[in-house]
Amino acid sequence: MSSGKSKHQSVLSEAYFKRISEALANAGVHQPTLVIDKAHLDHNLVAVKAITERGFDFRIVAKSLPSVPMLNYLMSSANTKRLMSFHMPFLKHVAENIPSAEILMGKPMPVAAVESFYQSIEKRHGPSALFDPETQLQWLIDSYERAEQYAALAEKLNIKMRISLEIDVGLHRGGFSDKRSFEDALKFIKKDKHLELSGLLGYEAHITKVPSIVGGYKKAFDQAWSTYQSYVDSIVSLYGEAALQDLVLNTAGSTTYPLYTKTGLMNELATASALVKPTDFDVFTLDHHLPAAFIAAPVLKVVKDPELPAAKTLSRLMHRVGLLPRKACFIYGGNWLAEPCYPAGSKRANILGHSSNQEMYELKVSDDLQVDDFMYFRPRQSEAVFLQFGDIALYDNGEIVDWWPVFDQEPLRKPDY
């Protein structure tokens, strides 16, 4: 299985990063900044659409791209209003700022958190009031007990709630895993006047990680498909075949979406990280994708023959035998969930340990990195990194063309009436 790294090395050249550095300097950037390459983002979106346009609806996972302008751009380019949300403050933020969105929750939420959401939007004014949870929001439940909790809340608030059921198709991270409890939940929803069945979610991120010794990804994919079908059959037996026309049958993720080359069961694919390709997504299914997200960190100091504290003689010896680098730099910030990618071959130095203030990185002697130049990193995950740098710099054709604010992270609390 290829990791796609050889392709990245040819694309992410020294000249490429120097062009970004020039663009950042021209934009007056002098602090750690998250950069999105628009051309690479567009390239990846074309790849995703090549699959979804075969007959699937496309749902963008908002947690992985936590910026309203970024989501607006991608939703418009992909002609979709469908988003997936995983965090209550982000749900509120999207409802207020993208009121046309159709949102599916990607994980079950504590019922108290769900109630806080409704309380937070109870006295809305302006554009956010255009978002209607009863028609635009699908909550996710994973057990009969949670269905009862949501039904009690819906009755208390006198609202309708659309409910999707999380099913375990092989990941074993929760969700309905036996048909009896699933069918009991279906029957409960069917007769409850406040709940409405809206679909299924069967996430299968494990597929590309299954080793060939136990069948590999092809066998895992077939098993997930078969399991999903069995739950759909239960819906048909209780609701009838016609009910499937109105249900969202969601599956896939960034590492697995390319495997869905045929339609006929699931009708919706979800992805987002594949659009920016952090290092955790350097997998064989995404060899055709390009890294589109980078952290640019100014270099504060360049050091020749760095030494261990209070150990000059030992340091000299360690330099001779190659146990200490001959060249290193200290950057502005550090300790991010990210991997250095420029200069090529640079790596975190172990001399002083991690630092979020001025982290030290080993360089090759031939590297010409200077003070005030930028060092570059690829995030391992987008959702854990994108929120750390303020507005995102959008890079396109040699310049920074826009700044995309990230999500508001204000926690939900009961309103102070």
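**Helices α3 and α4**

I looked up how α3 and α4 lie relative to each other in this predicted model, and they are oblique. The two axes, for α3 at residues 38-52 and α4 at residues 68-78, cross at roughly 40°. The axes come within 11 Å. I noted the crossing of α3 past α4 as right-handed.

I then listed the residues in the contact. From α3 they are Lys38, Leu41, Asp42, Leu45 and Lys49. From α4 they are Tyr73, Leu74, Ser77 and Ala78. Sorted by class, this contact has five nonpolar residues, three charged and one polar.

**The barrel**

Next I traced the strands. Eight of them close into a barrel, and I wrote the order down as β2-β3-β4-β5-β6-β7-β8-β9. The pairing is parallel. From one strand to the next, the twist averages 30°.

I checked two of the pairings in detail. β6, residues 161-166, pairs with β7 in the parallel sense over six bridges. In that pairing I found Glu166 opposite Leu201 of β7. β8 (residues 248-251) and β9 (residues 268-271) also run parallel and are joined by two bridges. Thr251 has Leu269 in β9 as its bridge partner.

Is β7 mostly covered or mostly open? I found seven of the eight residues in β7, which spans 195-202, to be buried.

**Helices on the sheet**

α4 lies across β2 (57-61) and β3 (82-85), and its direction is at about 170° to that of β2. Helix α9, residues 179-191, also packs on the sheet. I recorded its contacts as β5 (137-141), β6 and β7. The direction of α9 makes about 150° with that of β7.

**Val283**

Val283 sits in the loop between α11 (273-276) and β10 (293-304).

Technical notes: Residues are numbered from 1 along each chain as its sequence is written. This is a predicted model: local features need pLDDT of at least 70, side-chain atom pairs count only at pLDDT 80 or more; totals for chains, interfaces and linings use all residues. Side-chain values use heavy atoms; hydrogens and water are left out. Axes are lines fitted to C-alpha atoms, for helices over the stretch in contact, and angles run from 0 to 180 degrees between N-to-C directions. Helices (H or I, at least four residues) and strands (E, at least two) are DSSP runs, numbered from the N terminus. Angles under 35 degrees count as roughly parallel, over 145 as roughly antiparallel, 65 to 115 as roughly perpendicular and the rest as oblique. A crossing is left-handed if the near helix is turned anticlockwise from the far one by less than a right angle, and right-handed if clockwise. Contact means heavy atoms within 4.5 Å. Ala, Val, Leu, Ile, Met, Phe, Trp, Tyr, Cys and Pro count as nonpolar, Asp, Glu, Lys and Arg as charged, and the others, Gly among them, as polar. Buried means under 20% relative accessible area, exposed over 50%, partly exposed in between (1.4 Å probe, protein chains only). Two strands pair if DSSP finds at least two bridges between them.
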